[in-house]
Amino acid sequence: MAFRFVNGRLLTAFSVSSFILVVAGCQSSGNNGVETADGSAPPKVTQEDLRAFCPQVKLREGTAYFNTYAKGGQDDPSKIIYQASISDVTRSCARGDGTMTMNVAVAGRIVPGPAGSAGNITMPIRIAVVRGDEVLYSKLHQHQVSAGAASTQFVFNDAAVSFPMPNDRSVQVFAGFDEGPPSKK
């Protein structure tokens, strides 16, 4: 295969591309250009960190949906103010000093019902961590969302889920709506 130099274009193209590669090589740093706020390189991620246990977040049956009814309209579909549903859950974990701290996030949608109107909606969202019958963490949050006449998406997170570092993988994390005990009449 023979290359023909047409007015030196091939040589010029080769020279320019070589120059770009050399300059790009000079610009890279050992931390791939990633720095923390103080300008230092972030700590390296170890193989142990990558394989570390971070429990998945699960929804218990019956906790992914939540209906709010107008006064005196319990279980009457025409009296629904809004319906909320959880569509996704996720988490991140950090370990230190014998404690695991998780940031648990919940995403979902609110749909107004026949009795609905625009305004603030309060949803009871519980995050719980259990090992067998032992409750390691449980907190009920009253999450407020401003909803309009159309469906609205929401995102909630609890960044302070903290419990003793598990020795095994028997820890379970649950997120969901929790209306609490039924009201006494």
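## Basis of the model

The structure is a predicted model in which local features need pLDDT of at least 70 and side-chain atom pairs count only at pLDDT 80 or more, while totals for chains, interfaces and linings use all residues. Residues are numbered from 1 along each chain as its sequence is written, and side-chain values use heavy atoms, with hydrogens and water left out.

## Overall composition

The protein chain contains 2 helices and 8 strands; these elements are DSSP runs numbered from the N terminus, helices being H or I with at least four residues and strands being E with at least two. Read from the N terminus, the order of elements is α-α-β-β-β-β-β-β-β-β.

Of the 185 residues in the protein chain, 26% are buried. Here buried denotes under 20% relative accessible area, exposed over 50%, and partly exposed the range in between, with a 1.4 Å probe and protein chains only. The accessible surface of the protein chain amounts to about 12,900 Å², and carbon and sulfur atoms hold 53% of that surface. Such areas come from the Shrake-Rupley method with a 1.4 Å probe, and for residues only the protein chains shown count as cover. Among contacts with a separation of 6 or more, 65% join residues 24 or more positions apart, a contact being heavy atoms within 4.5 Å.

An open sheet is formed by 4 strands in the order 2-3-4-7, with antiparallel pairing; two strands pair if DSSP finds at least two bridges between them.

Arg 95 stands opposite Met 100 in strand 4.

## Loop residues with positive phi

Asp 75 lies in the loop between strand 2 (65-69) and strand 3 (80-96). Its phi is near 70°, a positive value in a residue other than glycine, and Asp 75 is exposed at a relative accessible area of 59%.

Asp 97 is located in the loop between strand 3 and strand 4 (99-112). The phi of Asp 97 is near 55°, likewise a positive value in a residue other than glycine. Asp 97 is exposed, with 85% relative accessibility.

## Salt bridges

The structure holds 2 salt bridges, each defined as a side-chain nitrogen of Lys or Arg within 4 Å of a carboxyl oxygen of Asp or Glu. One of them joins the side chains of Arg 126 and Asp 178 at 2.5 Å, N to O. This pair links distant parts of the chain, with Arg 126 in strand 5 (residues 119-131) and Asp 178 in the segment after strand 8 (171-177), 52 residues apart. Arg 126 is partly exposed at 26% relative accessibility, and Asp 178 is partly exposed at 22%.

In the other salt bridge, the side chains of Glu 134 and Arg 131 meet at 3.6 Å, N to O. Glu 134 is partly exposed at 42% relative accessibility, and Arg 131 is partly exposed with a relative accessible area of 25%.
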